[in-house]
Amino acid sequence: MNVLIDIAGVGVLAYAAVTIPRNIRKARAQKAEEKAKAPVTIDAAAYGLVPAARLDKRHAGPDPEADAVAAAALAGDWRRAAGYLANAGRDWDLRWYRLGILVNAAVEDDSWVKAWRTEYPGDPSAALVHADALVSLAGEVRGAQLAKHTTSEQFEGFHRLLAEALPACREAARMAPEDPCPWIAQITIALGLGWAHDDFRALWAEITARDPHHFGAHVSALQYWCAKWRGSHELMYAFAEQAAAAAPPGSPLPVLRLYALFEHACREAKGPVYDQPFVDPAIDATLDAVARIPAGHHRLPLVRHLLAKMLFERKRYAEAVEQFRAVGGYVGSVPWTYSGDPVKAFVHARTNTFVGWEKAGRPAPPPRAH
Amino acid sequence: MPLRPAGPAASGPAAGRGAPGASLRAALALGLLLGFYLLALALLVAVAALDVVLARGTFTVVTVEGWLGSLAVAWCVLRVVALGRRREEGREGPPGLSLTPREQPELWEHVRRLAERVGTRPPAEIRIVPGAVAMVREDARWLGLVPGERRLFLGVALLLGLPGAELDAVLGHELGHYAHHDTRLGHVVAALRGRLAHTVGALRERAAREEAEERAEFAAKTARRRAEGRPPPLRRGGTRGPDHYLALVFTAYAKLCLRLTEAVSRRQEYAADLVAARIAGPATTAAALRRVPALEAADELYLNQYALMGWDAGLLPPEGQFYGGFALLLVDDTRREQLAALAREPLPEEPGEDRSPYASHPPTADRIRALESLPDDGRTLTLVRRPATALLRAPDRLLAGLEQATLSTEALSKHRVPWAELPWQARRDIAARETEPLLAAMAELTGAPAAPGVIALGHLLDLLDRGLLDELAARLPRSERAARSSGRAAREFARTAFRSALRQLALGAALETGLCRWELCWAGPPVRRTAPAWFTEDLPAALDRAVAEPAVTAPLRTLLLRGGAHGPLDGTGPAPHTLA
């Protein structure tokens, strides 16, 4: 019997000899993993930043005039909206930007657009707001999820509204032959209805004939050339590169390269997308462009948000700190809005930027040669 | 003179009582079955021995723990043995309609004659069951050593679908399972297989359930801790209960047994095939082997697509036709060709290594090859096909009785309608249910109740003309996504829901006026909608116009009027003649 007990004892010892070190190793690894996962926090106020709780989720940057116009429109004052749009003049990109503000309001409630159109049935701007609001409403009904998470009810409404929007856009274009905006609005229709490349290029020709370096149009068209819609990574990069290279000085278009890069990274979350050799030069070109854009330009916030994200990804913390400080307490912009929780995505990038910058000893950004 | 198949089956499936090693293998099976109990016993003994060892040592907490642990293991082992006992209903066999010799003298006489030719005791019960199956069962006791009552289960699809000669082959095969005395111990094999499969299945199920419970508990704990603001608990490798380890032991044993008894089990099938060949001829038997799987597939298709067509609408085919309608499917020329093609298809060849050790039947291809290698007995495939139903007296009553015996009370309470009316009655019912919310919304708005049909559609279009679309649409039930939307998007969701309800109503009206028809089609697909091409093409656009802002109902009215509807749709004439 003693023999049996000995055997059992040896067995227990052997078991212990194997399992105890293994469990210790496991526990260590788990601790390390948890430590890595634990959120890094910084005192935002100490750096002069807006704390996470007070970040503005709806806007990319401050624009009090736009807010006031939208509120007035929803209150029924369409004349102010009409004036706001008209004041953009022949700066077609500014007109497109302001149209976006009005369309957001019209998607919520379009009674003011109806009133406007009833009073001035021939007003091309009113027709444009109506048409682009239909496109936006279609997107709203569809939702921003991938096709597999979208119900057939959503698709049905989406397609019905797009079918309604197309003739509306064409009517608006007929009323204002010089304005590229009714054509740019059709880019989203082309996305949703899956236009063939040739049809899309014909549409694009109409737009560039009216304004060859229209920022909003390029951002929209980049979506068409994305792999997730009707293009591919190659087509998307080629489009962005062509637009950025041809952009006149002072245009924010060089940021299109970064936009494309971000689309690529979203598609391949695990791939070494940000390590491609052209990334740093693309960032530098965008920084140069930013230096030439006048302060208060309506596209500046979007450009800075993308720059901040890319600089953070490239660990160029000193320059990223500058951009994060410049964007302030606004989160409502690409790239953050692509995330399920934009505030979280923004705060993560911002915090780690400042931590990295602090670790490096708060270096000053390298000087830019102009 | 026992028949000896040549070819690939020659070495294994030697039939007849004289085959050397047959009893040996049967004895092996018996030994393995006993081994099942021995294994359980050995586990118990091992646990007990451990307890004794523990008792010898100094008495500590560990001793008590050990005793408790061993009790748990012993309990599990005992439960496994108990689990091995299959439930009584399993022994009863599938539910069906028992036929007395008084009711069906011809069938009974036929089976008795066949049993005589096979040289075995006839069954004491003949039971008709649903499906395309045939089996014999013997309620043998004492590990199958003492013979018991024999039952013959015969699938109704075989009775309806097999020619008489092939049914003889099937019956011959089943009766052949009893023909040889050396297969008596084959019951032991069957019992062993059944018991092991059941035990392992039950153990695995319990282990899986335990693991799922543990996982659920862990998830609940994590959620609780998260709610309290603490970090989630450390995830440990799932601890598995004794059932898991017992399942491992018994699975290993089961695999061993199945491999060892495979040959016995398969040889039984070959031997039974030889009996069938003696009764019905090798060619007919091979034909039956090919036809049965095809009938099985056809029967499944028939039940799902035809017999249950009106289930959701609370409708079934006429009495006796729930199973009996299969005969209607079988006489359709297209289906007959499909079935013949299915039976002609080359059978899947199973390479030796991939053969499942769990399959009790050899691959059909091998069985057919064995049959084809038999000397031709001069009987060729009878081309004159006397259906098996000829053996039955009053088949309609039998089919009705089978429904009573096998269908659930829910099924039996369904309304019976003739085959020709089943598709459109079912369709009308579904359409009515889908348009119900819309009609309710109309009633709410106008204060007058509305019934589905042309009249209601006319009223609805009048409401649309009055610009009440949004009021109507807002009263329809909303999907989850729609409920989360607001403003114009919510209105668009409501409009989408409204359009699909309107489409149903319009289709219902088209059905009512005879513009569209839903017809039963035995050649498949089961329901054919016949509508004029212009109707199908123009309907979507007409619906779009009707739900646009402002609503334009004229295209939809014209579309339905063109089909011959008068009255409410143009707002003038009398109520239309309704077919429903």
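In chain B, 76% of the contacts with a separation of 6 or more join residues 24 or more positions apart. Two residues are in contact if their C-beta atoms, placed from the backbone, lie within 7 Å. This is a predicted model: local features need pLDDT of at least 70, side-chain atom pairs count only at pLDDT 80 or more, and totals for chains, interfaces and linings use all residues. Residues are numbered from 1 along each chain as its sequence is written, while chains are lettered from A and ligands numbered from 1 in the order in which they are written.

Chain B has 580 residues, and 37% are buried (20 or more other C-beta atoms within 10 Å of the residue's own, placed from the backbone). Chain B holds 21 helices and eight strands. These are DSSP runs, numbered from the N terminus: H or I of at least four residues for helices, E of at least two for strands.

Now chain A. A:His305 sits in helix H14, residues 300-313. A:His305 is buried because 27 other C-beta atoms lie within 10 Å. Beyond its neighbours within four places in sequence, its contacts include A:Ala60 and A:Trp336. The C-alpha atoms of A:His305 and A:Gln323 are 7.3 Å apart, across 18 residues of chain.

| Helix | Residues | Some contact residues |
|---|---|---|
| H6(A) | 124-142 | including A:Leu128 and A:Val135 |
| H8(A) | 181-193 | including A:Ala185 and A:Ile189 |

Their axes come within 10 Å and cross at roughly 20°. H6(A) is therefore roughly parallel to H8(A) (angles under 35 degrees).

Conventions
Buried ≥ 20, exposed ≤ 12 C-beta atoms within 10 Å, placed from the backbone. Axes fitted to C-alpha atoms, helices over the stretch in contact; angles between N-to-C directions. Parallel < 35°, antiparallel > 145°, perpendicular 65-115°, else oblique.
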